[in-house]
Amino acid sequence: MCGFCGYVNHKDVPNDTIEKMANRIKHRGPDDEKYFQDDKVSMGFRRLSIIDLAHGGQPLYSKDKKKVLTFNGEIYNYQEIRDELISEGWEFETDVDSEVLIRGYEAWGPKLLDKLRGMYAFVIYDSANNEIFGARDHFGIKPLYYYDDGDAFMYGSELKAFLSNPAFKKELNLKLLPIHLSFEFIPSAETMFKNVYKVMPGTYFIHHIDEKKTETHRYYKFNYDHIDESQTVEEDAKKIEAIVKDSVKAHMIADVEVGSFLSSGVDSSYVLNEASKLKPIKSFSLGFNDSKFSELSWSTDFAQQIGQKNTPIKITGDDYFDFLPTMMYYMDEPLSNPSAIQLFYLAQGTSKEVKVALSGEGADEFFGGYNTYLEAIPFERYQKYVPGFIRSALAKMATKMPRFHGRRFLIRGAQPLSERYYRVNYVYNYDDRNKLLKDPSLNVDSGAYSKYIFDEVADKDEMTQMQYFDINAWLPFDILQKADRMSMANSLEVRTPLVDKKVAEFAATMPIKTRINKEGTKISLRKAAERALPDKVAMKEKLGFPSPIASWIREPKFHERIVRAFTSDVAEKFFNTDELLRILKEHDEGKSSMQKIMTPYLFILWYEVYFPEDTNADTIKKVQLQA
């Protein structure tokens, strides 16, 4: 696990810029640093040593020295690919997975990507063809960004590295503010910085240096084209047992100690239990002093039952609010998921004992774990038996009436899923944004922005469409982004055995009846877990990442911080501050969600960190010291 960055040399960029860029992401790789420069390209690398500690340094070179690699991640089937390359006559100097990438690219070019199983982002500079090739793993576990304004080109594991390059023109991508307010993330290749792009999951780019042109290609796309309706819950549970066992074993490969995150839920418990069958493994759990929100008793009891050590980690309201500006620095883009800071402190405590930790992300998306998927049952029935023109008329009537039980259902029942699915207006809907934005002309239809994802599975049932959206948007741009940033901020490698190529290949064949029914969610996964875990763990209702943040917001000392932010110059620049204060008052009265507070609040903190020229320098200094 590492971090890397690079750029096409520019007349206005000093030679030592590459070191300054790499130092921006030192937290991703504190163990070693190395650089490559020629007359066209500069490349930097920071290493966190996990496999072949003595020989895994980068950059790595092709046999003819014309190709140079930097790589972040783990290739879990690298030994198989290595054997295949050796059988074709290729020679190896190390036992690291990164050498498999450079040799594999020499042998097969981009077709190498079809063979990989793992989490990765890597870049290869090909000096013979004057090209830079970059690729990101199937599901977006590891990050990769590039900046291309038609003149300058640069890339990196984290976009904050670009701040140290004089050729980077830092500009806010203001048109995306309403999209962020809706989703809490940006569900596309765009970012909150102009001309900075995410390399999408399962995608590679080629930058042609002489032509100053970047092209992207999709090499992998998760789909539901091979659903097997004949499968039963019992059959799928047995297959899940074998697949999870295999994936956990693959994700345990390391030359350092591997630990595991543990909550009270079935996903992390199942992963830990499988890992414990291979070797003793330490687990780490986060909680609070308030037992109403803390899962520590559950996780501690479970770890004891399977004979493994569990380390409880607690945070306070002061921990949470003091760290928010620094969290925004590490996050790169504004992300208001309230569990992100909890994950930071969990990773911080874990990193004191191990360098690698397993985690249970992905099970809800691939196996159907979110309770909101159950919404499809009444809506599909309503749409089947009530004609569209009647549903539209009822929706129009309902919008003009005072609140009553069923009003929201009638309004949403006339909408297509691409507008109705709650993730599309996860925080603020169109009308909310009109009131909140200083310039309401910026407002756009968030449903239209993400409709392309639903269109790709328009022939599938609504539950499957919801899962597909979550796999292609919620998972990479929210769940996996915070997992990567918060763990790597602590130089900790987090591995996700349930976000895996082989796991996904099987999940794509599961019919709805083995994923979700009116009785519950993740039914096949839970059936598999029942055989290995205590009933109260296997069948425990999903809680997400519970926390007392909503009550902390009402505490005077934290409430005052939010008021200051909501009445600041930055708030005035983007929002109607009276509306911000009204929403805060509604929260105080229990009438507004925590997310409606945290999303604009964290955007303001993010802007203060990344655009200090418009903000208070004291805040920036504090963040830089903490980071």
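Which residue forms a salt bridge with Lys282? The partner is Glu353, and the closest N and O atoms are 3.3 Å apart. A salt bridge here is a side-chain nitrogen of Lys or Arg within 4 Å of a carboxyl oxygen of Asp or Glu. The pair links distant parts of the chain, 71 residues apart. Glu353 lies in the loop between α9 (339-351) and β16 (356-358). Lys282 lies in the loop between α6 (266-276) and β14 (283-287). Helices (H or I, at least four residues) and strands (E, at least two) are DSSP runs, numbered from the N terminus. Glu353 is partly exposed at 28% relative accessibility, and Lys282 is partly exposed at 22%. Buried means under 20% relative accessible area, exposed over 50%, and partly exposed in between (1.4 Å probe, protein chains only).

The model is predicted: local features need pLDDT of at least 70, side-chain atom pairs count only at pLDDT 80 or more, and totals for chains, interfaces and linings use all residues. Residues are numbered from 1 along each chain as its sequence is written, and side-chain values use heavy atoms, with hydrogens and water left out.

The structure holds 46 salt bridges. One of them joins the side chains of Glu84 and Lys115 (3.1 Å, N to O). Glu84 lies in helix α2 (residues 78-87) and Lys115 in the loop between α3 (97-108) and β6 (118-126), so the pair ties together parts that are 31 residues apart in sequence. Glu84 is partly exposed, with a relative accessible area of 29%. Lys115 is also partly exposed, at 30%.

Asp151 forms a salt bridge with Lys212, with 2.9 Å between the closest N and O atoms. This pair links distant parts of the chain, 61 residues apart. Asp151 sits in the loop between β8 (145-148) and β9 (153-156), and Lys212 in the loop between β11 and β12 (213-218). Asp151 is partly exposed at 33% relative accessibility. Lys212 is partly exposed at 42%. A network of salt bridges links Arg28, Lys142, Glu158, Lys160, Asp332, Asp484 and Arg485.

The protein is divided into domain 1 (2-218), domain 2 (233-369 + 466-539), domain 3 (373-430 + 440-462) and domain 4 (548-622). These bounds come from an automatic or database domain assignment. The C-alpha centres of domain 1 and domain 4 lie 35 Å apart. Between these domains, 12 residues of domain 1 are in contact (heavy atoms within 4.5 Å) with 11 residues of domain 4. The two domains bury about 1,000 Å² between them, 76% of it on carbon and sulfur atoms. Buried area is the accessible area (1.4 Å probe) that two parts lose on being put together, summed over both. In domain 1, Lys170, Leu172 and Leu177 lose the most area to domain 4, together 43% of what that side buries. The count between the two domains is 1 salt bridge. The side chains of Lys170 and Glu613 meet in a salt bridge (3.3 Å, N to O).

Met200 lies in the loop between β10 (196-198) and β11 (203-208). Met200 is buried, with a relative accessible area of 16%. Leaving aside neighbours within four places in sequence, Met200 is in contact with Arg136, Ser188, Ala189, Tyr452 and Phe477. The C-alpha atoms of Met200 and Phe139 are separated by 8.5 Å, although the residues are 61 apart along the chain.
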